[in-house]
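Here is a colleague's note for a student who is reading a structure of this kind with some care. Please keep the sequence and the 3D view open beside it.

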Amino acid sequence: MTTSDGTVQGRTQTFGSAPRNRAFTVVLLGDGFTAAQQTDFNTACKDFVNALTATAPYDELAPAINIWRVNVTSTDSGADDPAGAGSTGATARTYFDSTFGANGIRRLLVCNNSTVLQTAAAQVPVFSAAIVVVNSTVYGGSGGSVGTYSLASGATEIAIHEAGHTAYGLADEYPYYAGGNETGHDHHPAGEPSEPNVTLNTDRTTLKWGWAVAANTALPTMSNPNCATVDSRPSTVPTGTVGTFEGAHYYHCGAHRPEYTCKMPELGVPFCRVCRQVIWNRIGPLATLPARDRTPISVVARYPEHLDVFAAAADGRTMSNWWDATGGWAGWFQLGIT
Ligand SMILES: [Zn+2]
Ligand SMILES: [Zn+2]
């Protein structure tokens, strides 16, 4: 239940060659792996690396990503699974004290966040996100200040979803809380969510992802005809259309998500255009443009106090940065990724 239930063995870099001061650094820490099970943790970390670096936009951002694993032994294998619907009632003595069943929901897997953050900082001082790999095949995960996931089938998809919360503050885009057509989740309460990928607003001119919506896409794009349940109709627009789709942020109605599908409401599908851009905006500025010495750069001074800078990379990507007298340099952004 505490750090007396295990030992930190040390760190190993498992992916990346970015300079440590210009990298997005993920630290994976094991919980509920006994000393004899450390190779299982190592295998899980390898699976995470393979899945993350094959997922857009991480595939393109790989030159700016470093991934470390921190091997930690636990006295017992597994995690706590407190008594409740479908649970085993198991308890396990583990270093980070991982447990299923937070808020009475079995799939919510949490751990001792302060121990995780302290351990990650001691092992990999420049880390960007800490994710705990929990040695259990019970389905679960969560994405607060620390991400967690278990080794249920599809584990790496859970891990990438939870990292979306932990590293970028992305919201859950799914339109329910406890798994279906529950009561009390018909209408999203008033108040615009702070996250970049859910909204109550369907006004084209003020929509937070309005930049991604084509002029000929209707807003709202899909509205839920029956707020008592999740709208389970198929999409009425082609895959990849960005608009406003009602049903998001744990509610059947009132809140909208940017595309019909995305990894934040649903595992096994790509991130939507908006979530991809949020990830890109965080990691992209750390990446060095390929063929930088031959990259054509143009600079436009729009006003005396504002400069726009555009760089076309050898691979066709266009990056932009700008300088403003009040805000200084904004950082590099990629324009028009698909
Ligand atoms: Zn989530
Ligand atoms: Zn999304």
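This is a predicted model: local features need pLDDT of at least 70, side-chain atom pairs count only at pLDDT 80 or more; totals for chains, interfaces and linings use all residues.

1. Strands of a sheet pair through backbone hydrogen bonds, and they may do so in the parallel or the antiparallel sense.

2. An open sheet of six strands, with mixed pairing, has the order β1-β3-β2-β4-β6-β5. Its edge strands are β1 and β5 (141–143), each of which pairs on one side only. On average, and with direction ignored, neighbouring strands of this sheet are turned by 20° against each other.

3. Which residues of helix α3 (residues 113–123) are buried? They are T115, V116, T119, A120 and Q123. Seen down the axis of α3, these buried residues fall within an arc of 125°, and therefore they line one face of the helix. The exposed residues Q118 and A122 are carried by the face of α3 that is turned away from the buried side.

4. What do the buried residues of α3 pack against? Their partners are the strands β1 (6–15), β2 (24–31), β3 (65–74) and β4 (129–134).

5. Strand β9 (residues 297–303) pairs with strand β10 (residues 306–312) in the antiparallel sense, over six bridges. The two strands β9 and β10 form a hairpin, with two residues between them, and S298 stands opposite F310 in β10.

Conventions
Residues are numbered from 1 along each chain as its sequence is written. Chains are lettered from A and ligands numbered from 1 in the order in which they are written. Side-chain values use heavy atoms; hydrogens and water are left out. Buried means under 20% relative accessible area, exposed over 50%, partly exposed in between (1.4 Å probe, protein chains only). Helices (H or I, at least four residues) and strands (E, at least two) are DSSP runs, numbered from the N terminus. The arc is that of the directions from the helix axis to the C-beta atoms. Contact means heavy atoms within 4.5 Å. Two strands pair if DSSP finds at least two bridges between them. Axes are lines fitted to C-alpha atoms, for helices over the stretch in contact, and angles run from 0 to 180 degrees between N-to-C directions.
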